[in-house]
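Visitor: I am new to this structure. Please show me how to read its features one at a time.

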Amino acid sequence: MSSDQKDSYVFTRDILDNARLNLMHYLWTRSSGFVIHPKIPVDKPDLHVADVGAGTGAFLCDISETLPKSAKLYGLDISLDALPPQGFLPSNVTLRTWDVRTPVPEDLVGLFDIVHIRFFIFVLLRDEVPGVMEKLVKLLKPGGYLQWVDSDNTSMRFEKMTPENSTENLVKLMQLLQSQSTRLKPDWVPDLPKFFSDSGLVDVDGVAQKTPPHHAFMMHESGLMMHDLIARKTQNSEMAAGLRQILPLAVEETRKGAYITTDRHTIIGRKP
């Protein structure tokens with residue numbers, strides 16, 4: 001993997017970023033009520049599951065506690081830097097370096113009963129999604145399921161404890177972030193069911209969930225960490241300065257009773 005590929009990740013891959021991802025996994029799945037969608041069968045013998053964009057391995061570690069011990073779990077990512085050392089992972093987890101923009105390794109073609117992908121909204125542009133979908137489908141066995149989980153930024157809203165609570169700086173924070181790159185203003189998540197169908201998947205099912213306020217507030221505070229991480233990673237000094245100026249004010253508004261939230265989408269489909 002080249003240093004350019006590693007640097008395309010907008011966050012920092014350090015202990016703060018890892019802690020943010022781990023927290024988001026548990027808040028997200030607790031709010032959703034599942035880790036793997038209940039319509040996806042998990043009782044097959046010799047089950048093979050891939051987590052694409054495995055991040056810290058939280059998804060794999062979580063499902064390893066509930067799936068049969070015979071299940072074979074694969075973590076695929078452009079970088080394995082955020083994952084624990086292999087010796088700390090469940091014994092049925094295998095790690096592989098793979099960039100979803102590159103061809104599927106031959107030994108992984110048609111290997112998996114379940115492919116899971118999550119939190120790619122700031123990774124992919126709209127015109128990249130069909131190509132990635134094609135590769136994800138290629139990973140699946142006939143009859144295998146794809147599960148894609150992401151936030152819908154087009155549903156973003158600013159919630160207040162009382163009408164008097166201010167969200168001025170929270171709004172400014174998001175406007176600054178989104179003004180810097182199309183990648184930071186994704187609009188394609190609501191169209192994922194169509195991307196699934198266009199890729200040949202059947203039995204496509206999508207659910208959009210709102211998050212209860214107590215979980216939404218925790219997710220929001222975890223999300224605020226992203227802005228500090230971006231300020232430290234970006235080469236844009238003007239953007240970094242703006243984030244550092246606005247973030248403390250946004251945190252103050254948060255503590256007084258305001259937060260940002262979006263709808264959470266889970267889409268599944270089966271390969272014929």
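Guide: Start with terms. Helices (H or I, at least four residues) and strands (E, at least two) are DSSP runs, numbered from the N terminus. The expected span of a helix is 1.5 Å times one less than its number of residues. This is a predicted model, where local features need pLDDT of at least 70, side-chain atom pairs count only at pLDDT 80 or more, and totals for chains, interfaces and linings use all residues. Residues are numbered from 1 along each chain as its sequence is written, and side-chain values use heavy atoms, with hydrogens and water left out.

Visitor: How many residues does helix 7 have, and what is its reach from first C-alpha to last?

Guide: Helix 7 covers residues 213-233, which is 21 residues. Its reach is 30 Å, close to the 30 Å expected at 1.5 Å a residue.

Visitor: Which residues of helix 7 are buried?

Guide: Buried means under 20% relative accessible area, exposed over 50%, partly exposed in between (1.4 Å probe, protein chains only). In helix 7 the buried residues include His-215, Met-219, Gly-223, Met-226 and Ile-230. An α-helix has 3.6 residues a turn, so residues three or four places apart point the same way.

Visitor: What covers the buried residues of helix 7?

Guide: The cover includes helix 2 (15-32), helix 5 (168-180), helix 8 (237-257) and strand 7 (258-270).

Visitor: How do the axes of helix 5 and helix 8 cross?

Guide: Axes are lines fitted to C-alpha atoms, for helices over the stretch in contact, and angles run from 0 to 180 degrees between N-to-C directions. Here the axes come within 8 Å and cross at roughly 150 degrees. Angles under 35 degrees count as roughly parallel, over 145 as roughly antiparallel, 65 to 115 as roughly perpendicular and the rest as oblique. Helix 5 and helix 8 are therefore roughly antiparallel.

Visitor: Is Val-52 buried or exposed?

Guide: Val-52 counts as buried because its relative accessibility is 1%. It sits in strand 1 (residues 48-52). Beyond its neighbours within four places in sequence, Val-52 touches residues including Leu-76, Trp-98, Ile-117 and Leu-139.

Visitor: What is the phi of Phe-119?

Guide: Phe-119 has a positive phi of about 60 degrees, although it is not a glycine. Phe-119 lies in the loop between strand 4 (112-118) and helix 4 (129-139). It counts as partly exposed, at 25% relative accessibility.

Terms used: Contact = heavy atoms within 4.5 Å.
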